Amino acid sequence: MSATATVPVQDAREERRGLRLPGPIALWVVAAASVAISLAREISNNDDLTSANTFGVAIRTAAPIALAGLGGLYAERSGTINIGLEGMMIMGTVFAGWWAWEYNPWMGVLGGVIGGALGGLVHAFATVTFGVNHIVSGFAINILAPGVARFMANLLFEGESGGSVTNSPGASGEIGVFTMPVLSGGPLLGWKDTPDPLGSLADRQWFLVSDIASLLKALTTELRLDLVLVIVLFVASVYVLWRTRFGLRLRSAGERPSAADSLGVSVVFYRYVGMLISGGLAGMAGSVLVIGANRYSQGQTGGRGFLGLATLVVGNWRPAGVAAGAGLFGFFDGITQRIDPGQLILAAILAAAILLAFGIVYSVMQLRPGPALLMAIGGAVLLWVYLTIDDIRSEFVFMAPFVVTLIVVASRGQASRPPAQAGIPWRKGSQN
Amino acid sequence: MGAIVHIATDEAPGGADYELPAQNESLRVLEKRGARAERGVHGALSPCVQPMTTAVEPGTAIDSAYAIELRGIVKRFPGVVANDGVNLRVREGTIHAIVGENGAGKSTLMKTLYGAHQPDEGDILIHGTRRTFRNPSAAIDMGIGMVFQHFMLADNFTVWENIVLGSEPGHLRLNMRKARRRIRELSEQYGLEVDPDELVADLGVGDKQRVEILKVLYRGARILILDEPTAVLVPHEVTELFASLEQLTQQGATVIFISHKLDEVLGNADAITVIRAGKTVGEIDDPSTVTAGELAEMMVGSELPSPETREATVRDDVRLEVVGLTIESAPTGVDTVALAAGLAGGIESSSGTPTSHRPLDDVSLRVQSGEIVGIAGVEGNGQTELIEAIMGLRPASGIVKVDEQDVSELSNTARRNAGIGYVAEDRQRDGMVLSMTLWENVILGHQAGDDFTHRGLIDRDAARERTRQVVEEFDVRTPGIDVSAFTLSGGNQQKLIVGREMMAKPHVLIAAHPTRGVDVGAQAVIWDILRQARSDGLATLLISADLDELIGLSDRLLVMLRGKVVAEVDPQTVTPAELGSYMTGAHHHDGRSASGSPGDGEAPA
Amino acid sequence: MNRRLLTTFAAPALAAVAAIVVSSVAVLVAGESPATAFKAMWSQIDSTESIVLIVNRAVPYYVAGVAVAIGFKMNLFNIGANGQYVLAALLAAAAGAAVDLPAPIHVAMIMGIAVVVGATWAAIPALLKAYRGVNEVISTIMLNYVATNLIAYLLAEHFRNPDQPNIRETRVLPESARLPSLNSLFEAIGFDFGPGVVLHGFLPVAIVLGIGYHVLLNRSRFGFNLRVSGENPTAARAAGISPRRMIIVTLIMSGAIAGLIGIGPLLADPQFYKYGDQFPVSYGFIGLSLALLGRNHPVGMAAAALVWATIERATQALSFVDIPQEIGIILQGSFLLSAIIAYEIVRRLSADAETRAASRETPGTRTIAEAPA
């Protein structure tokens, strides 16, 4: 829009003074978080905080959010903001419910992908070809999708046994699970009970080591095969986006489309592809929901599409970050489904307070009093809550991911690194 | 050793009045010159130069060692002939400079050469063979690579990602090792040091430029075109660049660069072509035989209108005073510029480009009633920052006084109410809302005062009445005052804006590029307005890139470079060469702050 | 202006046609005939009763549209209108049921609280954007979900009606808080709506809001500042209009008006007079759709609101002819999508014409410095 190309400035990254930590800061954050959680477990004596079961639930609830976030990632990396993730996920759920019931769960997964991709196609059509504002178009899709889904449900499920307009009949068959042999006791070529070192390590309750073992065990035990696919997709995405020709060109469409165009790369093509993938992944997130619940239900998505968007912001537009963000949100969500969620929440709050303490130390090392002060206030509040309140209501737990996102976004401010041209329509001849 | 300088000109030797192209009829508004002799100094051409009255005959030089030859290129756009029979001959393995002013047609010519468009007439010969380029890819295939003034780089990508994009080694998998290897090879071969794995956002401007050059080399370019490559470089980066270009030509490549920095051109080019008003007016095979002054004259025309001798209308009272105005660094974070950019649908990031100097560095000046103080300088040297600091649109330290009243802490609105009028440099971006009607645009900038609002409501009648007055008095050609502003031509838009500011009866007027992109007739009207206001006692600060305008209108002329005021010159006696050198930094001066009394000329070092 | 005619009539008309086509396809997929569908829909709305019901529905939609449109005029997306209005409705209902005041004051107090709550909830994204550059789309979406959960908590714990242990809702508002129906007004001029048909009393407020919106936007200085900030933010800044202040004030104002969205159902709809699980919770999004459809124009949005409500009312008849009622949402959604595409096409066409007109200028300056070509 402006005549001079306004390019995000390197000054946007805050100057670092004081002590510097080697390596990427994200890794340090993860390490600090792990220590904080382990400490919280010890202090509050709440072993369930880091049990394999809790992690397992967290993974299951995180998966759809993570997929939605990954979908948002592909879209924004190619230059289009996809607010319609929720709508595409809804399309995914109804298609998945249909095909999972009509055929089998794997077809259900495929159906979800297709349903979501259809939504992506519409969004791409409006934004890339016609240049409609991305937010507006995504919003329109979110309006349209529930109607279409309910319409389809009415036609497909109403009158079928076990079905109605608000949910489909159950899926035909199970999708199967995977348990890693030798590490987590899974079967291997007929050998039914292989050793389970991770499990035993997790049971030992050793500080930090057992907690990590728990996490690994949860990732490798009775993991639904569609969730395995999710993990594969994440790993594959890192490779595809940063190590292939396709990925480079896709990202260029989102970073500097006119540069790409001047070098012979078709921005329109890559933005369409990016959006189709985005819709497909969002749709698959719907499939995961359906398979988890064994059927389609109206309103199944419950805002997870938007949480997916939030993971983009929290995760700084990288797959690993998205996964971590989704993991965080899933963790909160999963906690509410465990026995005695209130205590778990409190333990989690303690962990957050400890993490903030680390943050304060870091800020002081960096000679930045402002953030340190804010974190101190936040930490004090959390600590007070932990010490005085007996039980946390579930509503506040549900609120948590959204509040966390707000805090992250507000504190990042200018230092966030979205793809430079995400959301800005591009026409031939512009300088973007 | 004869240096042969061919000058194509319509001028009969002897000095009849030079016929400037139509768009400068406005010069008639200025006093008649005839004072060419008065300027003297660099009027005489060097004895080795033989002016010819005929244009160069095509095909005269038989060398096919010309890597590029452009013959008689003509390119027309609606309303203007950008290239009117341009010739260019570049020998292989040389660094060839193309010089000319803004609007002379250089960029249009280069676009033809690298395939962005095709000429309406004329031939392109590459190594002696005629070629046509349907698109940039065709030019790239012929080994021609263009390095743009505004880099086309993805900041969040690494160097190697930017370079290989679109021509990646490998099929599915990115063969990063191969890419890096090739880049290092090229880097060594041509002396262009880069780290392939560094993020472009972390690079300085000189490094980014090297990346752009490597981009074209990577695709096999043997002929490189650089558009104003040194415009954004600091001196040591300039040296590095030309060293690299030298190395490139030693390896057999051919380099063409467009520049207006005459000392750099003379110091580094093997040959120079001068373009003026769409035609080639000089081809210099040995730059050591010409001086910067001679080049400047060729570029500008041997004619610089001498300003009319007019009576001094300067009065004693100081209307605008600025003391020590400084902006420490380019804005970061969420300043109003970023917010406005965000609202406009752009990225909500700060707009400042990091510079190696303070955007505004201890600037002081005074403008008295009845005086026009001009500020000359290449764009990007702090003029915008100065204006915005005075207007209160950008935070700055220092003092701003209007009519002896200290307004340094006041808002833009308050400063306007104190009597400052503002004609912004980019009318479409900052001066008006194109989709609104004329009378709404007249309110713009004055909506906070009493003229057009009563108790929070807009007084439409008052606005419309004022608009009618503006339209009539300032000769705004429009079918009515209810039309949208975009239906007006640029000149009429500008007249409207100038009129609206004037009718608010300011004491001080900040006029930035008041006749940019405006047709000749409107330009004349605006100049008249400014002059009339001046004699009525208005104090005007005039910022412009148009030297005619600056010299013709200013009583005193300041030059800004790198955020400082580096010189004050007398518009009546300064020569284009001098002014050019101050503006481009060739003259090394301690910047004396320009608050001296009118008439203080600078003695050249 | 040709362009005005296009956008005002041709574009939405084309969009409507597209929507009808899409829905007809859906009806065919459902195995029925589009003709049957449309006939049934028409018969449903062809009565005075229907018109009253449509207007009742359209009123809160319109208020939502106005609230959102104020933000849109400045390129600000107040997607949080939803969260703002439900929170406002809950708190206003709870507060209103807790006191007893003479009628006009009671109503005024409830409306006042709603406005304040809406404004406060909107202040959060406003400040975040103005001082931290946080994009309001993300922040308002997040706050919507926070609001939903907050309401669940408040309703369950604090504002519950003790007389209704099995249902979660606030206490019923006393008579003094209720807005009377407008039936008597219309009966006086000869319109009899028939038994059981009530024209809700919030309509005048909506009309006043619409007029106020128009006057504010087109006649006031603030409205001028707002429009300029939206149409050309850089020019606004250069004219001394502070982007920071405009962002904050506009978003808060949008939230304040959003607070009133729920007041219509709350105070004027006999079905409610309280806030509970049945209370509508998606009017904010409808408002966004209407603002987009009506292009932020006070009359355009009113028309859009009526169309929207008509579709809802009309499609109620479809179940009688064995057609899924969701056709209604499909009609609405495809209408919205087609309209925004159509508007964009028109905008691009006229923008291109603009630039062509503007480029007909002769460059007249002679300088040494090169400006980018």
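Me: Among contacts in chain B between residues at least 6 apart in sequence, what share joins residues at least 24 apart?

Reply: Of those contacts in chain B, 72% join residues at least 24 apart, where two residues are in contact if their C-beta atoms, placed from the backbone, lie within 7 Å. This is a predicted model, in which local features need pLDDT of at least 70 and side-chain atom pairs count only at pLDDT 80 or more, while totals for chains, interfaces and linings use all residues. Residues are numbered from 1 along each chain as its sequence is written, with chains lettered from A and ligands numbered from 1 in the order in which they are written.

Me: What makes a residue of chain B count as buried, and what percentage of its residues are buried?

Reply: A residue is buried if 20 or more other C-beta atoms lie within 10 Å of its own (exposed if 12 or fewer, partly exposed in between), and 52% of the 605 residues in chain B are buried. Chain B has 19 helices and 23 strands, these being DSSP runs numbered from the N terminus (helices H or I, at least four residues; strands E, at least two).

Me: Why are α8(C) and α9(C) called roughly perpendicular?

Reply: Helix α8 (residues 203-219) of chain C packs against helix α9 (residues 221-231) of chain C at an angle of about 75°, with their axes 5 Å apart. Angles of 65 to 115 degrees count as roughly perpendicular, and the two helices are therefore roughly perpendicular to each other. The contact is made by Leu216(C), Leu217(C), Asn218(C) and Arg219(C) of α8(C), together with Phe222(C), Gly223(C), Leu226(C) and Arg227(C) of α9(C).

Me: How do you know that the buried residues of α8(C) lie on the same side?

Reply: In α8(C), the buried residues are Leu203(C), Ala206(C), Leu209(C) and Tyr213(C); they cover an arc of only 120° around the axis, and are therefore on the same side of α8(C). On the other side of α8(C), Pro204(C), Val208(C) and Ile211(C) are exposed. The buried residues pack against α3 (48-72), α11 (243-259) and α14 (298-314) of chain C.

Me: How do you know that the span of α1(A) agrees with its number of residues?

Reply: The expected span is 1.5 Å times one less than the number of residues; for the 20 residues of helix α1 (residues 25-44) of chain A this should be 28 Å, and the end C-alpha atoms are 28 Å apart, which agrees. The buried residues of α1(A) are Ala36(A), Ile37(A), Ser38(A), Ala40(A) and Arg41(A), and they pack against α7 (209-220) and α14 (341-365) of chain A. After α1(A) comes Asn45(A), whose phi is positive, near 55°.

Note on methods. Axes fitted to C-alpha atoms, helices over the stretch in contact; angles between N-to-C directions. Parallel < 35°, antiparallel > 145°, perpendicular 65-115°, else oblique. Arc of directions from axis to C-beta.
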